[in-house]
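My entries follow in the order I made them.

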Amino acid sequence: MENLDVTVLRALRDWRAADRHALMATVVRTWGSSPRPVGSIMALAAGGGVVGSVSGGCIEDDLIARYTRPDAADAIGPSGAPQFVKYGVTADEAHRFGLPCGGTLEILIEFDPDAQSLAELIQALDNGRLMRRTVDLADGRVALAPTDQPAQLDIDARTLVNTFGPEYRMLPIGAGQLGEYLATMALFSGFAVTVCDPREESRAGWSVPGVRLLADMPDDVVTAFKPDRRSCVIALTHDPKLDDLALLEAIHTEAFYVGAIGSRRNNAARRQRMIEHFDQT
């Protein structure tokens, strides 16, 4: 299960690369309770196709009714300056669109975002880079720039700035039952999951879809995985020949978490092996 923002951006890129009219909707302001936080995005294509969410319900239906018609390829609207749409201003409207009591949200609509800019953004995210996307509210032009710090959406009279980060990744070592449980939870939490297990008998029983399953040795997999600050590596096999190989490579990376399952006795033995045989402290 891919990070939702990346999924939305990929769909939008593909639609625009195929010359389909499409829009990108971003939640820019909320007042009171709101179903989706500021910065949430969705993509909508002419003739049908919705990815992502700005409310989780009726607002998406209204956007579809406003900007698409199945009989018109150009139904999305004019390119150029983005438009603001506000929902939930009155109690009747809040009730109509299923907003929480007192809730109001404002959405920025970008018409026909540039396909090349979207492709460059996704490529940067795939390469593990944190990116700042700035939209000129006067004409819809987009500027991309790498950044070192995650940031909340920022909007003023001239620009919208939204920061997109590469998806969080998890590399469990071991395709046993515990690996399946962990991978399932990680997928539902938005992680991209790669599982490593060179043991054929363990891989044969794997049953979690949406996971990349590798048979190479753990040290080679960790090296190729290139853990960064949005990655974690977790050893689950209980086999020192496998777990230790993964840990020895992972502890020298920028992974935000490197861990291994085991009792206190097993952890103490693992630590001693690291000290005695691999000069790790």
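**Salt bridges**

I began with Asp139, which forms a salt bridge with Arg141; their closest N and O atoms are 3.5 Å apart. By salt bridge I mean a side-chain nitrogen of Lys or Arg within 4 Å of a carboxyl oxygen of Asp or Glu. A note on the source: this is a predicted model, where local features need pLDDT of at least 70 and side-chain atom pairs count only at pLDDT 80 or more, while totals for chains, interfaces and linings use all residues. Residues are numbered from 1 along each chain as its sequence is written, and side-chain values use heavy atoms, with hydrogens and water left out.

I then checked accessibility for this pair. I call a residue buried under 20% relative accessible area, exposed over 50%, and partly exposed in between (1.4 Å probe, protein chains only). Asp139 is partly exposed at 32%. Arg141 is exposed at 65%.

How many salt bridges does the structure hold? I find 11. One of them joins the side chains of Arg13 and Asp14, at 3.0 Å from N to O. Arg13 is partly exposed, with 22% relative accessible area. Asp14 is partly exposed too, at 40%.

Next I looked at Arg29 and Glu106, whose side chains meet in a salt bridge of 2.8 Å, N to O. Arg29 sits in strand β1 (residues 22–31) and Glu106 in strand β5 (residues 104–111), so the pair ties together parts 77 residues apart in sequence. I take strands (E, at least two residues) and helices (H or I, at least four) as DSSP runs, numbered from the N terminus. Is Glu106 buried or exposed? Glu106 is buried, because its relative accessibility is 10%. Arg29 is partly exposed at 30%.

**The antiparallel sheet**

I traced an open sheet of 4 strands in the order β7-β6-β9-β8, with antiparallel pairing. Its edge strands are β7 (142–146) and β8 (154–155), each pairing on one side only. Two strands count as paired if DSSP finds at least two bridges between them. Strand β6 (residues 131–136) pairs with β7 over 5 bridges, in the antiparallel sense. Across that pairing, Arg132 stands opposite Ala145 in β7.

**Around β11**

I moved on to strand β11 (residues 192–196). Here 4 of the 5 residues are buried. β11 pairs with strand β10 (residues 169–173) in the parallel sense over 3 bridges. Arg169 has Ala192 in β11 as its bridge partner. From β10 the chain crosses through helix α5 (residues 177–188) to β11, and this β-α-β crossover is right-handed. Right-handed means that, with the strands pointing away from the viewer, the path from the first strand over the helix to the second runs clockwise.

β11 also pairs with strand β12 (residues 212–214), parallel and over 3 bridges. There I see Val195 opposite Leu213 in β12.

**Ser231**

Last, I looked up Ser231, found in strand β13 (residues 231–235). Why does Ser231 count as buried? Because its relative accessibility is 0%. Its side chain makes a polar contact of 2.7 Å with that of Asp228. A polar contact is a pair of N or O atoms within 3.5 Å; within protein, one must be able to donate a hydrogen and the other to accept it, and residues adjacent in sequence count only if both atoms are side-chain atoms.

Leaving out residues up to four places away in sequence, Ser231 touches Arg169, Phe225, Ala255, Phe256 and Tyr257. Contact here means heavy atoms within 4.5 Å.
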